[in-house]
Amino acid sequence: MSAGNQRIGGWTRAVTARPRLSLLLTLLFTALAVFAGSGVADRMGSGGWEAPDAESSYATKALERQFPASRPNVILLVGSGKARVDDPAVAAEAEKLAARLGEEKSVTGVTSYWATRSPALRAADGHEAMITARIEGDESAASKVLGRIGPEYRGEHGPLEVSLGGPVAVRHELQATIQEDLLRAELIALPVTLVLLVMVFGSAIAALLPLCVGMVAILGTNAVLRGITEFTDVSVFAQNLTTALGLGLAIDYALFIVRRFREELAGGAETLPAVAATLRTAGRTVLFSALTVAVSLAAMLVFPQYFLRSFAYAGIAVVLLASAAALIVLPAGLVLLGDRVNALDLRKALRRGRPAGREIGAGREGGAGWARTARLVMRRAPFFAVATAAVLVVLGLPFLGVKFGTADDRQLPSTAESHVVQQHIRDGFPGSPGGAVEVLAEGGPSTAELADYTRRISELPRVLRVDGPTGQYVRGERTQQPGPAEAARSAGGAAQISVLPEGEAVDAAGQELVREIRAEEVPFDTSVTGNAAVLVDSKDAIGDRLPWAAAIIAVVTLVLVFLLTGSVLIPLQAVILNALSLTAMFGAVVWVFQDGHLSGLLNFTSTGDIETTLPVLMFCVAFGLSMDYGVFLLSRIKEEYDRTGDHQGAVVFGLRRTGGLITAAAVILAVVMVAIGTSRVTNTKMLGLGIALAVLMDAMVVRSLLVPAVMRLTGRATWWAPGPLRRLHARIGLSEGESPAADDAVPRPGTTAEPDPVGAGHR
């Protein structure tokens, strides 16, 4: 088929009929998205790790409603300098401060060491004590109140030095830090990405196109998230994924489409036929890739935690917008640019005779190094398959020692005020900050029943003391008779009991304590909350739904890859090899962030555990991105196999034509993720650096070594499918290969190509 006879499909006509109007509408959409998405970060939450339908969530809300003083969310850490907190001048000033705080709007449950003389509110050295309170409202409202009143209390007050801590202060600083870090990440990623794109394309015009697609995706997703916040909670952490995937996937998709378009032009095609051929081939693969990534991210919707669901909202939106921009807006731009897509060539000095407008490695003669790699790997296929798989398994072994925990103030930099406050409480006060296990007793328990229940809890292992309406208990003995403070723990047929554990509240022993308390049999209703209980419930919720999420990802991936290839074995290989490519990421997460290696270099505080939802999030994102590259490679191998019927030659061809491009795309995406990983928030740092490692391992190890080795071992059986499935694929299957000519059968000027005897699907 000659360049002039290339058919123009309906989709090409639809998206290129009025290119200037398409670009004008895109500009209008982007402007509206900027307006609609403004202020989205202020409406987002910084929590969402707990399961909303769990026992601990019910108990938390009930206690906040009935006993607000039992659930303080803001702490004023009062330092007395060289004086002691019991000195009259210090006590008088602290009491005035507490009284003033109690008069603030939306603040309730104010208590202090000076009002209660509770040892839990006084540091062991006698130079610090606490004032605690509860700011009413949801996360956003509480954060706004703290932002309003915080400056009035922070700092010096006579002989006192006051710092702010507690959950609201931590969330307030998290949101501010994340927004600052995200801006810095964008300022790092955008210029570095542009330089890398210029190195890939040579042309500044071609390099700018992927960035334009990325901006449309990012700004559009922010507007979508702004709309979603009207109906449900959305985590501020999702903005990091929006930027990372918006840039990363837009660059991936635009990279493949623009390169294919330039290849068609170099093959002698006119502009419109070149766009048509690009959409029939690379465009179809981009669509498949977007579906696989979207499905991986959508699997997080099965989990109840809004932290995970937020990433699904952001991920699905950014993937759909990036693919839509690449398949609708980008073709319109290419029609208008034509050969000018190669303009502003900045790499002339490096080409030394290569034709203008062609990136290094383009064309049939390019990619010789990747072809040699593929042949070497396939000659020693058993060795490379076993050795590569073994190395990946070994890199993942540290994950066998993973310990799950909850996110706390130590996500923040060690110099952050709320982190400093919580660390002072950890080091100098009895128990651990926020470490109490809270028990809500309902159903009108009698005084005798509450006393017996409280005493039994105090006899459990690792319990330091128990405070309840009937007094304070230590090791089964009542050490303090009930007073006004204890009486406040009972109201309206309900009672609140605080269990202070020994050591860290959320370690394995702390979680076992929660289970033991829940196992106590009593003649009234009880529910347990606190950090350890939230962790237990979160782990249970994830464990219950994880098989469903994995099944959704696996089944949909198997179906999509089958529709792309027509093979039964290739989808299984894709799922297994993709999962194997993530082992290094999970091993590194434990070795670095849990065990604390490189904590000085990377500037974070290790807590000795990994937040429960992070591995799920990282798996869904990294698996989707790995499938992204897998689809691009498999589509080219499939196309060449359909054209020639030569299995080994098709593998060599596929790696030669996509190896450099996939590596370039992976490096660019890794740059974006590393920029995200420069965040001062530990979980964001873990997400960015971990996924960057997974992407590079997938592109440089799995796609270049393991995939060709495994495909060589499976031979022509790679393409086998039973008769009914072959016929099904013949009817509904899709492929990057176009009929009647494959991509690299695009003829050079003055030649014609033979029709593809196999067509779009393998028969």
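Leaving aside its neighbours within four places in sequence, which residues is Asp409 in contact with? The legends below start there, and the model they describe is a predicted one.

**View 1. Asp409 and its surroundings.** Setting aside neighbours within four places in sequence, Asp409 is in contact with Val170, Ser418, His419, Gln422 and Arg426. With one of these residues, Arg426, the side chain of Asp409 also makes a polar contact of 2.7 Å. Asp409 counts as buried because its relative accessibility is 4%, and the cut-off for buried is under 20%.

**View 2. The ring pair of Tyr113 and Trp114.** Welcome to one of the model's 12 aromatic pairs. The ring centres of Tyr113 and Trp114 are 5.7 Å apart and the planes meet at 75°, so this pair is edge-to-face. Tyr113 and Trp114 are both buried.

**View 3. The ring pair of Tyr641 and Trp719.** In this pair the centres are 4.6 Å apart and the planes stand at 10°, so the rings of Tyr641 and Trp719 are stacked. The two partners come from distant parts of the chain, 78 residues apart: Tyr641 belongs to helix α23 (residues 614–644), while Trp719 sits in the loop between α25 (682–714) and α26 (723–732). Tyr641 is buried, and Trp719 is buried too.

**View 4. A cluster of aromatic rings.** Look here for Trp49, Phe237, Phe307 and Phe311, which ring pairs link into a cluster.

**View 5. Arg100 over the ring of Tyr153.** Our last stop shows Arg100 lying over the face of Tyr153, 4.7 Å from the ring centre.

Conventions. Residues are numbered from 1 along each chain as its sequence is written. This is a predicted model: local features need pLDDT of at least 70, side-chain atom pairs count only at pLDDT 80 or more; totals for chains, interfaces and linings use all residues. Side-chain values use heavy atoms; hydrogens and water are left out. Buried means under 20% relative accessible area, exposed over 50%, partly exposed in between (1.4 Å probe, protein chains only). A polar contact is a pair of N or O atoms within 3.5 Å; within protein, one must be able to donate a hydrogen and the other to accept it, and residues adjacent in sequence count only if both atoms are side-chain atoms. Contact means heavy atoms within 4.5 Å. Rings of Phe, Tyr and Trp (its six-membered ring) pair if their centres lie within 6.5 Å; planes under 30 degrees apart count as stacked, over 60 as edge-to-face and the rest as tilted. Helices (H or I, at least four residues) and strands (E, at least two) are DSSP runs, numbered from the N terminus. A charge sits over a ring if NZ of Lys or CZ of Arg is within 6 Å of the ring centre and within 35 degrees of the ring normal.
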